[in-house]
Amino acid sequence: TRSLVWFRSDLRIHDNTALAAAARRGPVVAVFLRSQPHWLRHGHGANKLDFWHRGVIALKESLTGLGIPLLHRDIDDFDEAPGALLQIAREIDATELHFNHEYPLDEQRRDQAVAKAFADAGLTARGHHDSVAFAPGELLTGKGDFYGVFTPFARAWQRQLTAERVALRETPAPQPSPPIASERVEEPTLPAPAVEASRWPAGEAAAADRLERFLRFRARHYAGQRDFPALAGTSELSPYLALGMISHRQCLQAALNENDGSLTDGDAGIASWVNELVWREFYHHVAAGFPRVCRHRAFQRHTEALAWRDDKAGFNAWCEGRTGYPLVDAAMRQLISTGWMHNRLRMVTAMFLSKHLLIDWRRGEAFFLQHLVDGEFCANNGGWQWAASTGTDAAPYFRIFNPTTQSRRFDADARFIADYVPELAELAPRDRHAPSAAQCSQVGYPRPVVDHKAARARALDAFKALPPSA
Ligand code: FAD
């Protein structure tokens with residue numbers, strides 16, 4: 001049986017469930033469908049699209065090593081995917097299509113349309129669960145519902161995890177004679193990315209290298225260092241996980257090796273890192289189990305009535321990193337200049353927008369997606385709704401981070417601030433967290449766009465005015 005493997009956000013030849021399954025059945029041809037207009041319409045930014053493009057080039061090289069040709073086709077919209085894939089299947093005489101599932105609503109609908117077109121044509125299309133240890137629906141509460149709270153989800157995940165679930169899929173043996181030639185991966189016709197390609201080298205080898213360096217130098221200190229943005233204590237693997245240049249199984253296997261065969265006991269750093277990978281999986285399940293979140297709806301329905309403010313000046317100040325709150329501004333400038341932001345700061349900036357400025361979290365979610373190299377619907381939506389207290393396991397609405405306290409606690413010597421807000425580097429470290437009016441005018445840094453106490457009270461009032469949750 002000759003199969004077509006449709007690559008999407010699973011750009012690797014190692015430990016790829018769909019590729020391994022197809023190769024077991026016979027010869028394989030790979031395809032990547034690119035729809036730049038679709039991605040732009042859905043808010044993906046140039047940084048991520050450039051990384052994706054470079055990832056496809058790296059994938060093509062790896063596939064070439066296996067004698068697997070990669071076809072690369074441009075389409076205007078994913079509505080065209082069923083027709084395009086059927087046509088390719090006919091061109092190369094393939095009877096089966098294999099792909100790895102993606103869980104947000106649009107992606108599921110796209111794949112259902114493809115499966116139907118193949119079935120109607122008498123061909124087979126098979127989706128594989130690959131990006132998670134448990135397919136959505138496999139882990140449910142005692143009542144048979146999807147989990148809407150992380151901790152019991154994580155407990156169930158740990159309890160039910162078996163060695164088989166995280167076993168690596170086999171890499172296909174090289175095919176002796178490729179049936180057709182690979183196609184050129186045309187340069188994208190997109191706005192230029194703001195971030196240098198060297199900041200995020202694409203492909204499996206770069207991802208594996210990052211994982212190895214993380215385990216060698218950072219993992220053991222992760223629990224103590226992960227919250228301090230100046231320390232670079234996290235793996236920075238998120239772009240690679242988001243586009244599948246590395247799999248969660250490869251990460252978990254590496255963690256097991258490093259930690260005497262345990263994911264939860266032993267080294268606290270590794271156990272804490274594994275917990276973050278479980279958060280990633282949790283938000284995949286949330287997107288699949290509560291599809292309203294994929295339709296721009298709040299997870300907590302009663303919060304839909306919240307009176308968000310339309311504050312153009314405040315929004316622009318936040319986007320541009322000039323709110324007058326140094327840690328918030330440093331974080332936003334990190335996002336703009338590197339395409340990535342530290343997790344602690346994603347929480348701080350998201351809470352600042354949704355609480356202090358009382359601006360709709362959906363606007364922040366879209367802005368993040370526009371700039372992040374790791375922009376990924378499930379984690380981004382989950383993180384935003386958490387911060388805005390509209391989501392699963394949300395921060396209670398009365399817990400509003402004080403950005404200055406966060407700054408003193410997580411960037412105590414204000415090194416991170418100095419790195420990203422250079423005008424404040426002239427001040428003594430202790431003055432960088434909340435510069436005085438005189439210091440602001442001396443170094444040319446804005447005064448706070450809102451007063452913390454007043455903004456906090458305004459947010460509390462807005463939440464208190466909501467109808468009770470169902
Ligand atoms: P590490 O600390 O090394 O963690 C390892 C991996 O676990 C990460 O690479 C990531 O895949 C996963 N992970 C870690 N934390 C989380 C989390 N809280 N939720 C889900 N997965 C997690 N992550 C994205 O991958 N894409 C996004 O678009 C995204 N948007 C976010 C928006 C907001 C408002 C918030 C609060 C968080 C968001 N996150 C997102 C989650 C998290 O901030 C990043 O995954 C993390 O900062 C990436 O850095 P790292 O690879 O060094 O993580």
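Predicted model: local features only at pLDDT ≥ 70, side-chain atom pairs only at ≥ 80, totals over all residues.
## The ligand shell and the domains around it

The largest share of the shell around the ligand comes from helix α16, which supplies six residues. In total, 28 residues surround the ligand, and the closest are Thr234, Ser235, Asn343, Asn380 and Gly383. Four helices each supply at least two residues of this shell, namely α9 (238-242), α11 (268-289), α14 (343-356) and α16 (377-387). Sorted by class, the shell is made up of 13 nonpolar, eight polar and seven charged residues. Because domain 2 (131-168 + 204-289) and domain 3 (301-464) both give residues to the shell, the ligand lies between these two domains.

The chain as a whole gives the setting for this site. The protein chain has 20 helices and five strands, and its C-alpha trace spans about 75 × 50 × 50 Å along the principal axes. For 470 residues, a compact globule would have a radius of gyration near 23 Å, and the protein chain, with 23 Å, agrees with that expectation. Of the 470 residues, 45% count as buried. Among the contacts with a separation of 6 or more, 76% are made by residues 24 or more positions apart.

The domain assignment divides the chain into domain 1 (3-129), domain 2 (131-168 + 204-289) and domain 3 (301-464). The centres of domain 1 and domain 2, taken over C-alpha atoms, are separated by 25 Å, and the contact between them takes 15 residues from domain 1 and 18 residues from domain 2. On the side of domain 1 that touches domain 2, helix α3 (residues 46-65) gives the most, with five residues. By class, that side of domain 1 has six nonpolar, six polar and three charged residues.

In the model, the span of residues 1-133 is 47% helix and 20% strand, and its end C-alpha atoms lie 28 Å apart.

Leaving aside residues up to four places away in sequence, Leu59 touches Phe7, Leu11 and Leu70. Leu59 and Ala202 are 143 residues apart in sequence, yet the distance between them in space is 9.3 Å, C-alpha to C-alpha.

Two aspartates call for a look at the backbone. Most residues other than glycine have a negative phi. Asp15, although not a glycine, has a positive phi of about 50°, and Asp93, also not a glycine, has a positive phi of about 65°. Asp15 lies in the loop between β1 (3-7) and α1 (17-25), whereas Asp93 lies in the loop between α4 (81-92) and β4 (96-100). Are these two residues buried or exposed? Asp15 is buried, since 23 other C-beta atoms lie within 10 Å, while Asp93 is exposed, with 10 other C-beta atoms within 10 Å.

Terms used. Residues numbered from 1 in each chain as written. Near = placed C-beta within 6 Å. Nonpolar A, V, L, I, M, F, W, Y, C, P; charged D, E, K, R; others polar. Domains from an automatic or database assignment. Rg over C-alpha atoms; globule rule 2.2 N^0.38 Å. Buried ≥ 20, exposed ≤ 12 C-beta atoms within 10 Å, placed from the backbone. Contact = placed C-beta atoms within 7 Å.
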